[in-house]
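Hi everyone, thanks for coming along. Please take a look at the structure on the screen, and then we'll walk through it together.

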Amino acid sequence: MWRMLESRRIMTQTSAIVENLERVRERIARAAGRAGRLAEEITIVAVSKTFPAEAIRAAHEAGLRHFGENRVQEFEAKRAKLTGLDATWHFIGHLQSNKVRRAVHLFDRIDSVDSWTLASKLDQAAAEEKRRLPVLIEVHLGNETTKSGVAEMDAAALTEGISLLPHLELRGLMAIPPYFENSELARPYFRRLRELRDELSVQVGCPLPVLSMGMSHDFDVAIEEGATETRLGTILFGSRR
Ligand SMILES: *Cc1c(COP(=O)(O)O)cnc(C)c1O
């Protein structure tokens, strides 16, 4: 009985996410089209923070395969209920040193590396797990409201440093621009991240294919500016709290 109710609940949740996802995919396709890109070049990272494991299952059912979480402890509890689910788990929050090992154990990729201290701890933890850990560098693009991300002027040194760590695989950059009511105003920030990626890639001599940028309120603009991944929470799952 419980299982039946439970599966019905997941079905209802799934149909809501399916509808949301359909609209999001249309917008992604249109934004990609405006920039002469293909919709297939863009990966949705479904930001499931604060939502229960069942919501992740529903989203998976709807076809999503990448999930972003920002708290190690919260995800640890959910992960236990999601064994066997074929998905890629992204850590997108601020990672405290004392949680590095658990994060490396739980997540497939760390999208928010913002210091050399964190990078070397991640490298060490990945070595202990005998794996090569994909990471993104989070860049601070003059956003006064958040303190996360490496300053633009320090990004080159961090990129070079990480590229030398044997157990980290640097895949690209991530950023959270300031919030604007009018998403058009975020465009210069997205553009800057793309240019910075191009510069660093030449400077360090390694491809940095991933540009993780854009959230529910500004992903269209981010995609026009070259996002290869966009992190969507509210627009897929509904509002948090
Ligand atoms: C919460 C969060 C998101 C998703 O935000 P929405 O506005 O709900 O789409 C994306 N990126 C990061 C880093 C987040 O913490």
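Let's begin at the ligand: one of its oxygen atoms has a polar side-chain atom of Arg240 2.8 Å away. That is a polar contact, meaning a pair of N or O atoms within 3.5 Å.

Before going on, please note that this is a predicted model, where local features need pLDDT of at least 70 and side-chain atom pairs count only at pLDDT 80 or more, while totals for chains, interfaces and linings use all residues. Residues are numbered from 1 along each chain as its sequence is written, and side-chain values use heavy atoms, leaving out hydrogens and water.

Back to the ligand. Thr234 places a polar side-chain atom 2.5 Å from a ligand oxygen atom, and an N or O atom in the side chain of Arg231 is 2.8 Å from a ligand nitrogen atom. Which residues surround the ligand? Among them are Val47, Lys49, Ile92, Met215 and Gly233, where being near means having a heavy atom within 4 Å.

Now to a pair of helices. Helix H6, residues 152–163, packs with helix H7, residues 187–204, at an angle of about 45°, and their axes are 10 Å apart. That makes H6 oblique to H7, since angles under 35 degrees count as roughly parallel, over 145 as roughly antiparallel, 65 to 115 as roughly perpendicular and the rest as oblique.

Where do they meet? Ala155 and Thr159 are among the H6 residues in the contact, and Leu196 and Leu200 are among those of H7, with contact meaning heavy atoms within 4.5 Å.

Terms used: Axes fitted to C-alpha atoms, helices over the stretch in contact; angles between N-to-C directions. Helix = DSSP H or I, 4+ residues; strand = E, 2+ residues; numbered from the N terminus. Polar contact = N/O pair within 3.5 Å; in protein donor to acceptor, adjacent residues only side chain to side chain.
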